[in-house]
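Biologist: Could you walk me through reading a model like this one? I would like to start with the helices and then turn to the charged pairs.

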Amino acid sequence: MTATLLLRLEGLQQSWGLSAHFHRRDAHTRPTKSGVIGLLAAADGHDRDEHREPGDDFLPLETLARLRFGVRADRPGSLLEDFHTAGGGTYPLRPRDLLTNPAWADRAAPALESATGPAFTNEAGHSLTHWYGTPKNIAPDGATGALTAGNTQRTPVTSRRWFLADAAFLAGVQSDDHALLRRLAARLDAPRRLLWLGRKHFAPAHDIHHGIHPGDLETALTTAPPLPRARTPRTSAWVEVPRHTPGARPVTDQPLTYASRRRTHTERWEQRLTITWNPT
């Protein structure tokens, strides 16, 4: 028998991108399938690159991606923009930086020699303040194991990031596999990784698990009571449907991989529904 796991996606801020690029991060008007499946994968302890350590039992991405997806907009929220900066500025060089980063040590050597001679003193910090920038992409060096920075540029990186403020959605995933839905519900109650509403640091304001309901997506999204301060008496929902369904439109948010350097999505199809709540 078909059942649907509902997720309450509500918070001060959330952002679900469809075509985001680094310098311009868009926000879709509602949660995407890729974002919600990614949230379930994080709760299950999924590794982005599908790398398994002994004892890992997270589900393959293909299992989660096969779930039928839908979402209802109880409170659409307000679309806002954040002008974001990362990096930049000058900071005094610390002795530990010379010890942990060979590249910095080589760059610092001429200034150290001219300022202090062969000995490192507190004067060296003053002479180097104007080239040392915020370290980024810190990782162990493959040969020495010492921590190094892959990016030492001082120029700030700027971006424009859009997000939804004070929005609330009810998302659902449908399956005939009740054991799978129960597992995902348990993971949402005790997630193995931190859960965010589309973008890191956008924390949910309430428990995400909103129950397993009998029936398909249409039934669950139509009969579930509206969330507090929902737009009433009518709202919209979008449900995943076969390609040739009348009124279906394509959306490129079917996840194929979440690997950091090769995230890939493909096309799926969805249909918009109008839901009317009976006043209580």
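Modeller: Gladly! Helices (H or I, at least four residues) and strands (E, at least two) are DSSP runs, numbered from the N terminus. Just after α1, G45 takes a positive phi of about 85°. This is a predicted model, where local features need pLDDT of at least 70, side-chain atom pairs count only at pLDDT 80 or more, and totals for chains, interfaces and linings use all residues. Residues are numbered from 1 along each chain as its sequence is written, and side-chain values use heavy atoms, with hydrogens and water left out.

Biologist: How many of the 11 residues of helix α1 are buried?

Modeller: Buried means under 20% relative accessible area, exposed over 50%, partly exposed in between (1.4 Å probe, protein chains only). In α1 (residues 33-43), nine of the 11 residues are buried, so the helix is largely enclosed by the rest of the structure. Among them are V36, I37, L39 and L40.

Biologist: And which side chain meets E10 in a salt bridge?

Modeller: Side chains of opposite charge can pair when their charged atoms come close. The rule asks for a side-chain nitrogen of Lys or Arg within 4 Å of a carboxyl oxygen of Asp or Glu, and the count comes to 15 salt bridges. E10 pairs with R8 at 2.7 Å, N to O, and both are buried.

Biologist: What does R192 pair with?

Modeller: R192 forms a salt bridge with D57, their closest N and O atoms being 2.5 Å apart. R192 lies in the loop between α6 and β8 and D57 in the loop between α1 and α2, so the pair ties together parts 135 residues apart in sequence. R192 is partly exposed, at 44% relative accessibility.
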